Amino acid sequence: MSPTATTPKKATNITLSADVLREAKALGINISQACDRFLRELVRQERQRRWQEENAEFIAAYNRIVETEGLPLEEWRSF
């Protein structure tokens, strides 16, 4: 079951290009579901981007440590 099927819905107004809306309806595309899926993915990407931005300093520092000291527990790796 997709997250959109179990998540409460809230009505909203959006403005779409008339030609795209017309074609989507003609093709039987569920506009609400399509918008919800796209927006959900956009939110996921933006959260990921912000997390990377907020943690960039730590990630760079960790990468420097790995570069100079190697991976932790590397001597016990079997691959």
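1. Glu-53 is exposed, at 54% relative accessibility. The class cut-offs are under 20% relative accessible area for buried, over 50% for exposed, and partly exposed in between, with a 1.4 Å probe and protein chains only. Salt bridges that share partners tie Glu-53 into one network with Glu-46, Arg-49 and Arg-50.

2. On the basis of the note: this is a predicted model, where local features need pLDDT of at least 70, side-chain atom pairs count only at pLDDT 80 or more, and totals for chains, interfaces and linings use all residues. Numbering runs from 1 along each chain as its sequence is written, and side-chain values use heavy atoms, with hydrogens and water left out.

3. The structure has 5 salt bridges. The criterion is a side-chain nitrogen of Lys or Arg within 4 Å of a carboxyl oxygen of Asp or Glu. Side chains of opposite charge can pair when their charged atoms come close.

4. Take the Arg-49 to Glu-53 bridge. Its N to O distance is 2.9 Å. Both residues sit in helix H3, 4 residues apart, which is about one turn of the helix. Helices are DSSP runs of H or I with at least four residues, numbered from the N terminus. Arg-49 is partly exposed, with 39% relative accessibility.

5. Arg-49 also pairs with Glu-46. Here the closest N and O atoms are 2.6 Å apart. The spacing is 3 residues within helix H3, again about one turn. Glu-46 is partly exposed, at a relative accessible area of 29%.

6. Glu-46 has a further salt bridge, to Arg-50. The closest N and O atoms are 2.8 Å apart. Glu-46 and Arg-50 are 4 residues apart in helix H3, so about one helical turn separates them. Arg-50 counts as partly exposed, with a relative accessible area of 47%.

7. Leu-42 is partly exposed, at 41% relative accessibility. Together with Phe-38, Leu-39 and Val-43, Leu-42 makes a nonpolar surface patch of about 400 Å². Patch residues have over 30% relative accessible area and no salt bridge; nonpolar side chains (Val, Leu, Ile, Met, Phe, Trp, Tyr) are joined within 5 Å, like charges within 9 Å. Areas come from the Shrake-Rupley method with a 1.4 Å probe, and for residues only the protein chains shown count as cover.

Terms used
Helices (H or I, at least four residues) and strands (E, at least two) are DSSP runs, numbered from the N terminus.
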